[in-house]
Protein chains: 2
Amino acid sequence: MTDPFVVVGADAAGLSAASKFRRERPDRDVVVFERGQFISYAHCGTPYFVEGRVSRLSDLLSLSPADVDDRGIDLRRGHEVTAVDPETKTVHVQTPGGTTSEQPYSAALVATGAHAVTGPFDVSELAGAFTLHGLNDAAAIDAYIADPDEYDPDRADVAAVDRDRVDRAAAHPAPDAAAIVGGGYVGVEMAEALRGRGLDVHLFQRSERLLPPFGAAVGDRVASTLTAHDVTVHTGTSVDAILGGDRVEGVRAGGRTVPVELAIVGVGIEPATAVVDGAGIDCGPHGAIRTDRYGETSEPDVYAAGDCAASRHAVTGEETWMPLGLTANRSGRAVGATVGGDPTPVGDVAGTAVVKAFEMECGRVGLATETIARDAGFDPVSETVTAGSRSGYYPGAAETDVTLVADADSGRLLGGSIAGTDHAAVRIDTLATAIHAELSVAAVERLDLAYAPPFSPVWDPVLVAAKVLRGSLES
Amino acid sequence: MTDPFVVVGADAAGLSAASKFRRERPDRDVVVFERGQFISYAHCGTPYFVEGRVSRLSDLLSLSPADVDDRGIDLRRGHEVTAVDPETKTVHVQTPGGTTSEQPYSAALVATGAHAVTGPFDVSELAGAFTLHGLNDAAAIDAYIADPDEYDPDRADVAAVDRDRVDRAAAHPAPDAAAIVGGGYVGVEMAEALRGRGLDVHLFQRSERLLPPFGAAVGDRVASTLTAHDVTVHTGTSVDAILGGDRVEGVRAGGRTVPVELAIVGVGIEPATAVVDGAGIDCGPHGAIRTDRYGETSEPDVYAAGDCAASRHAVTGEETWMPLGLTANRSGRAVGATVGGDPTPVGDVAGTAVVKAFEMECGRVGLATETIARDAGFDPVSETVTAGSRSGYYPGAAETDVTLVADADSGRLLGGSIAGTDHAAVRIDTLATAIHAELSVAAVERLDLAYAPPFSPVWDPVLVAAKVLRGSLES
């Protein structure tokens, strides 16, 4: 009998791979090891749970263990894979009972995701200090924010939740003020979420602008929007310490102390690759596992997909690390097909990302700032325009900022960003498609984009930006 | 002294050309003849004026005669060009005083637009029967709908308006019911507008579906939406006659008479090309003036742009006629640049169009149905999927229908359509970009499109459709 396809990690990439493999090869076995209890959930939805816009933790679950079972996948939760051994084609597994075993594989997929980094801060010991990476964090933050008398334990309605941790968090008096350390996605989304819960919110960002990969125009508009919603935005300000004894009492930043009872550290994530330590598997930028275009690592029959794996960048053609949801699902699915006998490329990433900050919608794609483009070896030129989202006479038209970055030599579109309150985020997909197709700015300017007064002006903001940038490229 | 650049028609294409030319060549003269009094207005906004969503007719004006004057353009309203003579390089002009003159040109642009066709119906003699093509029609329809005691003449606040016609229309008692003949853009938009004014609305469409170029999935959803808003939709029903003596009293259709006091005929438009009759200038499909990639006609130094001109189709590479707003603006601007000494292609059209029907947003691009694709010589395969517009747990997610059409031989994406209530229309630009770039369905499936719960599910509806269609192409 053929050894099974072994998958390490039961989230987006791992279960996409296992599911696709089983559909393609119902004759073959697939075993998925998951060290925790949660499987297949919507990471990106956790801020909206904390905000209260999503009412139940279970709403964020995509697949139940029963669903996975129905697909013919042998799912083993509470099983931690401690090592992958390409020599013997086995993985070492620590079982819930504490015993260890070895599982042979015909092919293995490492889909162990990422974990939050905390910089100099220790969030594990101090009540009220959190990162947000997973459902247990979301449930604990939600419970901590609630008044102990009013907390509804049914919010965390998932059996796998760390109930002790939730109960401890819920026992604290409701916080009045919160500090968020880091002005990236998590920071911006949590600022909105915590304001939605009625807290005073301080957002600290070490660099001069929020959302640095989105560029200046977006960062400035998001900062204005947060400020308009009474978030206190501290840019250019490092947090030196989170203060407190039993519980968070404040943060020290920029030479002063801001009293808060809640601190969220959102300074980034890093690939979770401990399982391949010592296995002779190459890692690339940011420590992510290096893969070829089919997701195979430097060791034959060992694949990696999702947040732990590197990808190829659609603009530079170089290795990059872009831990995002679609990439995880798509690369996992591709590996499942490939291992099942239908070689399928995992696809390039363009770094397409969108984020909401109250009414402000923001998107970015490719090499979205001159600095990023220059660092990648291009000679960039960029322009930012502000244009209407609809015909000016049609109600709802809103100012939309579009930044485009191009290569001065070739005229090729390298990246861009969009910010605005009316249908702004979805427009980034126009640029993402142009970037995948390697269009020049002149070609973007000639695109026949849609026009009707309720949806767009005659010249879509993307076309206006392309027109202006093409002018700059020619001058 | 060099003879001037002469432009015939002072709407989108004509004034875009004149403005661009003057910016490029401030040393040269440009004369624009306009037979009417209106210039540069938003055709596509007229239904929203009738609806009342746009409160003043003047809101639909883009440029005033004074603006045009400020640009150094010699604008002559009330001057009708009756002929273009390429032999002598002159145009024949009928002045407001009734005299005729000849104007020499170094280059001439025909930008005469289109006019509404009325099929077998004569809307000119019967009160309450209208087409909707221009501001005078919009003002008259608006006045006709109003109760005579409540009509606000300031709605039609433009000096150039045909005030006698408006006054006559306003004098009629307010209609209770309306018939719309034709289920294309105008018909669908006017159905919403007239319901917004409180009328009972009957929409008649000769063929089996509304908006035929959008395909079955869109047509069906629009019909359902209109019905849900109490529009009576009569598909597969020809209107045989508009009945009435002094005023519209009903329409005869499908063997019965429907009593109405207002009839809007929206059965199409045709290019307005009388000015080139006898000039030896070639016309192409649908009677539109044939042009090369710079907008030049078969006669040297005579150009055509906007609704009177043919274009090249981005998918077929063949001549086509797509009278839409962006095309008019872009082709006019390109001709202005070319005549000014900077040869600029007018650009291909992809037939990208969007339309709103109450909450339903619809888009189409390229060869959006199998029938259209087959008629263009392809061997089409198509699939329609229904997918969420956002993560299912995020409020506001709505079912979005995406139809994609591909060529079975090459796998190339030929066209598509989208319908849905949440950010559906803007998504058509993703497909428009893919079509301009000649992407295959497999390449569309690999696009790194944006994902965040408020804006999109992990797999955007466009990606879901591409995945399904690629499967069909391979089977």
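**Entry 1: terms and numbering**

I count a residue as buried if 20 or more other C-beta atoms lie within 10 Å of its own, as exposed if 12 or fewer do, and as partly exposed in between, with C-beta atoms placed from the backbone. By that rule H423(B) is buried, because 24 other C-beta atoms lie within 10 Å. I note that this is a predicted model, in which local features need pLDDT of at least 70, side-chain atom pairs count only at pLDDT 80 or more, and totals for chains, interfaces and linings use all residues. Residues are numbered from 1 along each chain as its sequence is written, while chains are lettered from A and ligands numbered from 1 in the order in which they are written.

**Entry 2: chain A as a whole**

I looked up the secondary structure and found twelve helices and 25 strands in chain A. These are DSSP runs numbered from the N terminus, with helices being H or I of at least four residues and strands being E of at least two. The radius of gyration of chain A is 23 Å, close to the 23 Å that the globule rule gives for 475 residues, so chain A is as compact as a globular protein of that length. I take that radius over C-alpha atoms, and the globule rule is 2.2 Å times the number of residues to the power 0.38.

Along the principal axes, the C-alpha atoms of chain A fill a box of roughly 65 × 55 × 40 Å. I find that 57% of the 475 residues of chain A count as buried. For contacts I require the C-beta atoms of two residues, placed from the backbone, to lie within 7 Å. Among the contacts in chain A with a separation of 6 or more, 64% join residues 24 or more positions apart.

The domain assignment, which is automatic or from a database, divides chain A into domain 1 (5-36 + 78-114 + 270-339), domain 2 (129-267) and domain 3 (360-474). Taken over C-alpha atoms, the centres of domain 1 and domain 2 of chain A are 32 Å apart.

**Entry 3: two helices of chain A**

Helix 1 of chain A is mostly covered, with eleven of its 13 residues buried. Among them are A12(A), L15(A), K20(A), F21(A) and R22(A). I traced what the buried residues of helix 1 pack against: strand 1 (5-8), strand 2 (30-34), helix 3 (65-70), strand 7 (107-110) and helix 8 (325-339) of chain A.

Helix 7 (residues 216-228) of chain A also has 13 residues, and its first and last C-alpha atoms are 18 Å apart, close to the 18 Å expected. The buried residues of helix 7 include V218(A), R221(A), V222(A) and L226(A). After helix 7 of chain A comes D230(A), with a positive phi near 65°.

**Entry 4: the two chains together**

I find 53 residues of chain B in contact with 53 residues of chain A. On the chain B side, the elements giving two or more residues are helix 8 (325-339), strand 21 (353-357), strand 22 (360-366) and helix 10 (428-436). Helix 10 of chain B gives the most, with seven residues. The chain B side divides into 33 nonpolar, eleven polar and nine charged residues. Here Ala, Val, Leu, Ile, Met, Phe, Trp, Tyr, Cys and Pro count as nonpolar, Asp, Glu, Lys and Arg as charged, and the others, Gly among them, as polar.

**Entry 5: single residues**

I located V84(B) in strand 4 (residues 80-85) of chain B. V84(B) is buried, with 26 other C-beta atoms within 10 Å. Leaving aside neighbours within four places in sequence, its contacts include V91(B), A108(B), V275(B) and V302(B).

H423(B) is in the loop between strand 25 (413-420) and helix 10 of chain B, and has a positive phi of about 55° although it is not a glycine. F358(A), also not a glycine, has a positive phi of about 55°. I place F358(A) in the loop between strand 21 (353-357) and strand 22 (360-366) of chain A. F358(A) counts as partly exposed, because it has 17 C-beta neighbours inside 10 Å.

Notes. The expected span of a helix is 1.5 Å times one less than its number of residues.
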